[in-house]
Amino acid sequence: MNHREDLEFQLQKATLAIQEVIEDLKITDKEKQETIKKLMNFKEAIIYKGKELHIELEAA
């Protein structure tokens, strides 16, 4: 797997994780907000890494 595929895969996983948190009825809204914030930061880090490597990532 090359860098582009790896980063796009990570971006997709983070996006799916965010969706799972949103749909999880067992956790509180506060926990959801905190988890989503962390996952969004992770997505931003992935996008930043792609820019550092001059890789155009497909939006996920």
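Buried means under 20% relative accessible area, exposed means over 50%, and partly exposed lies in between (1.4 Å probe, protein chains only).

This is a predicted model, where local features need pLDDT of at least 70, side-chain atom pairs count only at pLDDT 80 or more, and totals for chains, interfaces and linings use all residues. Residues are numbered from 1 along each chain as its sequence is written, and side-chain values use heavy atoms, with hydrogens and water left out.

**Exercise 1.** Find how many salt bridges there are (a side-chain nitrogen of Lys or Arg within 4 Å of a carboxyl oxygen of Asp or Glu).

*Solution.* 
- Start with Arg4 and Glu8: their side chains form a salt bridge, N to O at 3.5 Å.
- Next, take Lys49 and Glu52, whose closest N and O atoms sit 3.8 Å apart in a salt bridge.
- That gives a count of two salt bridges.

**Exercise 2.** Decide whether Arg4 and Glu8 are buried or partly exposed.

*Solution.* 
- Arg4 has 35% relative accessibility, so Arg4 counts as partly exposed.
- Glu8 has 17%, so Glu8 counts as buried.
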